[in-house]
Amino acid sequence: MDPRWQPARPGDTVEDVDTPALLLDLDRFERNLARVMNAAGSRVCVRPHAKSHKCVEIARRQVAAGCVGVCVQKTSEAEPFLAGGINDVLITNEVVGIRKLRALADLARRHPQARLGVCVDDVEVVRELGRVCDALDARLDIYIELDVGQARCGVATPEEAVPLARAIVAQGRLTFKGLQAYHGSAQHRRGVPERKAAVALAADKAAAARAALRAAQLPCEIVTGGGTGTFMYEAGSGVYQEVQPGSFALMDVDYARNEQDPAVPRFEHALTVLASVMSLRSNEGHARATLDAGLKAFSTDSGNPVPAFAGWQVRSVSDEHTVLHRASDGAPIALGDKALLIPSHCDPTVNLHDWIVAVRSGKVEAVWPVDARGALF
């Protein structure tokens with residue numbers, strides 16, 4: 001990345017930041033992190049999912065606050081975190097195909113000081129991974145993924161976990177650590193009772209799988225899972241030793257739509273996209289402002305972004321533009337003004353940017369690279 005194209009420099013004001021730019025409010029981020037650690041850290045370990053921020057500096061701050069490590073989704077996503085000194089990384093996903101398995105084993109070999117884990121749900125992949133690790137003199141932690149309601153990956157029954165665990169234990173360079181029991185589709189169930197019920201079923205299934213493994217004299221040290229929408233329920237289940245919330249650090253519009261549980265911390269919107277007003281017009285008596293950020297600056301898979309100021313609404317989004325219309329109570333804005341938008345979905349929004357501009361009290365404190373941007377393999 002050419003440093004000449006950084007949107008800001010430390011010491012700049014927010015008004016100085018070039019647009020479109022991804023902003024992180026450090027005070028809000030730090031409060032969000034403290035809330036997670038205070039709420040869950042005394043009962044379970046916290047392993048934040050770094051697919052939300054993809055930034056080594058954010059991961060370092062999470063680990064410094066007491067997190068045990070991070071989660072990622074792909075081998076190439078794990079690489080910058082290991083290189084950046086994050087020494088406990090779990091790939092909460094399957095890795096399949098000889099080229100990818102060799103890359104995974106080679107990454108573990110190059111970072112012998114670190115723990116690198118991966119999920120499996122197929123015995124042939126386990127055997128292939130064992131052969132590759134033998135050939136490359138590499139070691140990996142292995143978690144069996146259990147389908148606890150997502151209907152995506154994972155073994156379907158506790159009974160399927162037993163022969164898979166035996167196959168893992170039979171491989172000398174693979175260490176069987178436990179179960180990945182993440183219920184992704186529960187995260188955005190809007191009602192509190194719905195989310196609690198989904199996690200209760202997931203915890204029962206994970207407990208049954210753990211019992212089956214132990215009855216077969218197989219180890220099951222860790223049950224890990226849970227996200228921003230449910231982590232407190234996994235933490236309180238007595239089944240999970242580790243939770244994996246990710247979006248809490250940034251917080252987006254979609255998560256904010258969930259019904260708030262009074263027993264769960266409320267997270268603040270720390271991540272915004274800064275845009276500039278590039279055109280002003282009046283249409284049938286309504287003020288219209290066009291911003292210089294569109295689909296190439298934020299994701300709309302969970303809906304349009306929301307202005308972080310009252311009186312204006314997003315009416316349309318295209319590749320390079322967002323059009324706002326002013327309501328009757330909206331304050332006027334001028335050509336060249338800066339506008340903050342809260343993304344609807346933080347993960348794919350972050351992946352569109354090279355830099356995170358870290359701000360505090362209206363001043364730029366740091367500019368951090370999005371180290372794992374585009375890590376798809």
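Accessible areas here come from the Shrake-Rupley method with a 1.4 Å probe. On that basis the protein, a predicted model, exposes about 15,800 Å². Carbon and sulfur atoms supply 50% of that area. Of the 377 residues in the protein, 54% are buried, where buried means under 20% relative accessible area.

**Overall form**

Ten helices and 17 strands make up the secondary structure of the protein. The C-alpha trace spans about 75 × 45 × 35 Å along its principal axes. A compact globule with 377 residues would have a radius of gyration near 21 Å, and the protein has 22 Å, so the two values agree.

Contacts were also sorted by separation in sequence. Of the contacts between residues at least 6 apart in sequence, 70% join residues at least 24 apart.

The protein carries 43 positive and 46 negative charges.

**Aromatic pairs**

How many aromatic pairs does a search of the whole structure find? The search finds two, and they are listed below.

| Pair | Centre to centre | Angle between planes | Class |
|---|---|---|---|
| Phe231 and Phe267 | 6.3 Å | 35 degrees | tilted |
| Phe248 and Phe267 | 5.8 Å | 55 degrees | tilted |

Planes under 30 degrees apart count as stacked and those over 60 as edge-to-face, with the rest as tilted.

Phe231 lies in helix α8 (residues 231–235), while Phe267 lies in the loop between α9 (253–256) and β10 (271–283). The pair therefore ties together parts that are 36 residues apart in sequence. Phe231 has a relative accessible area of 0% and is buried. For Phe267 the relative accessible area is 10%, so this residue is buried too.

In the other pair, Phe248 sits in the loop between β9 (242–243) and α9, and Phe267 in the loop between α9 and β10. Parts that are 19 residues apart in sequence are thus tied together by this pair. Phe248 is buried, as is Phe267.

Phe231, Phe248 and Phe267 form one aromatic cluster.

Terms used: Residues are numbered from 1 along each chain as its sequence is written. This is a predicted model: local features need pLDDT of at least 70, side-chain atom pairs count only at pLDDT 80 or more; totals for chains, interfaces and linings use all residues. Side-chain values use heavy atoms; hydrogens and water are left out. Helices (H or I, at least four residues) and strands (E, at least two) are DSSP runs, numbered from the N terminus. The radius of gyration is taken over C-alpha atoms; the globule rule is 2.2 Å times the number of residues to the power 0.38. Buried means under 20% relative accessible area, exposed over 50%, partly exposed in between (1.4 Å probe, protein chains only). Contact means heavy atoms within 4.5 Å. Lys and Arg count as positive and Asp and Glu as negative; His and the chain ends are not counted. The place of a charge is taken as NZ of Lys, CZ of Arg, CG of Asp or CD of Glu. Rings of Phe, Tyr and Trp (its six-membered ring) pair if their centres lie within 6.5 Å; planes under 30 degrees apart count as stacked, over 60 as edge-to-face and the rest as tilted.
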